[in-house]
Amino acid sequence: MAKIVPVKKEAHKNLKVSSKRNLAHVANQHLVPIHAREYAQAAASYPIVLVKDPDSERFRSIVMLGLEAGENLYYAENKWDAIYIPQSISQAPFALGLDPEQEKTLTTCVDEESEFVGEDKEHALFDAEGNDTDFFKSVQESLGRLYDNEVLTEKFVKELTDNDLLIELELNMTLSTGEKKKLVGLFGIDEKKLQELSDDKVLDFHKRGLFVPIHAMLGSVAQINRLAQLRNLGDSDKKVAGIQFAVAGAEEEKK
């Protein structure tokens, strides 16, 4: 079980991190966060959608790694079946967290229970004089960029909601057994409303680079076929016979 705590010089002066790490910590996750700056690269491997946080009703940007909870189709035997790895999961055993000693201040945290952490590993966090090592400085810089990307993504999602460009989707699946499944609570770009944007708004979006993540998100939907393919290549007895995204409630409206 993870034990993520703020890195403190006094408590972690002898702590080291392994040079070889894997992504086993997300082996059973079917959704992980993704940032707008990553969309262009991530879209070649994963479906990118938004989901609502049940506690705050805020939208979260995520990539789908599986077709149901507990399923990660990209991870197997310490290997990742995609060239691009989302920043949010590549930082482990490190993460950003609140510093209990400084109100509302984010700080670098580490998972003390991680198998990649210990006094017998390769990369020290502090040198003999108690100063940050180059390795630890690079970790802090990476987490800083991660935070900046989170802020940028929140602004991007706000642009989508403010301009009413989101549409609720559902993922319809037919299994080889004949069973039908539906995954709901997903949101994507409404192409019709995107095409109806005023010329001024289109120019504004273009100048601010918003169409890059928008079109990457739209194109990424096709990667749902890759998820089906990965499922069918694996050992699962729930092979996928058919799969597609649809506008939520579209079938009911037809009736």
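## Backbone details in loops

Aspartate 164 counts as partly exposed, at 42% relative accessibility; partly exposed lies between buried (under 20% relative accessible area) and exposed (over 50%), with a 1.4 Å probe and protein chains only. Aspartate 164 belongs to the loop between H4 and S12, and its phi is near 55 degrees, a positive value in a residue other than glycine. Helices (H or I, at least four residues) and strands (E, at least two) are DSSP runs numbered from the N terminus.

The model is predicted, so local features need pLDDT of at least 70 and side-chain atom pairs count only at pLDDT 80 or more, while totals for chains, interfaces and linings use all residues. Residues are numbered from 1 along each chain as its sequence is written, and side-chain values use heavy atoms, with hydrogens and water left out.

Asparagine 78 also has a positive phi, about 65 degrees, although it is not a glycine. This asparagine lies in the loop between strand S6 (75–76) and strand S7 (79–80) and is exposed, with a relative accessible area of 55%.

## The nonpolar cores

In soluble globular proteins, nonpolar side chains tend to be buried together. A nonpolar core is a set of buried Ala, Val, Leu, Ile, Met, Phe, Trp, Tyr and Cys residues joined through side-chain atoms within 4.5 Å. The largest one has 53 residues, of which Tyr39, Met64, Leu67 and Trp80 touch the most other members. S12 provides the largest share of this core, six residues. Apart from it lies another core, of 14 residues, including Val17 and Phe94.

Beyond its neighbours within four places in sequence, methionine 64 is in contact (heavy atoms within 4.5 Å) with residues including Tyr46, Leu171, Ile224, Leu227 and Phe245.

## The buried face of helix H8

Helix H8 (residues 224–233) has Ile224, Leu227, Ala228, Leu230 and Arg231 buried. Viewed down the axis of H8, these residues fall within an arc of 165 degrees, so they line one face of the helix; the arc is that of the directions from the helix axis to the C-beta atoms. The buried residues pack against strand S5 (59–64), strand S12 (166–175), helix H7 (211–220) and strand S14 (240–247).
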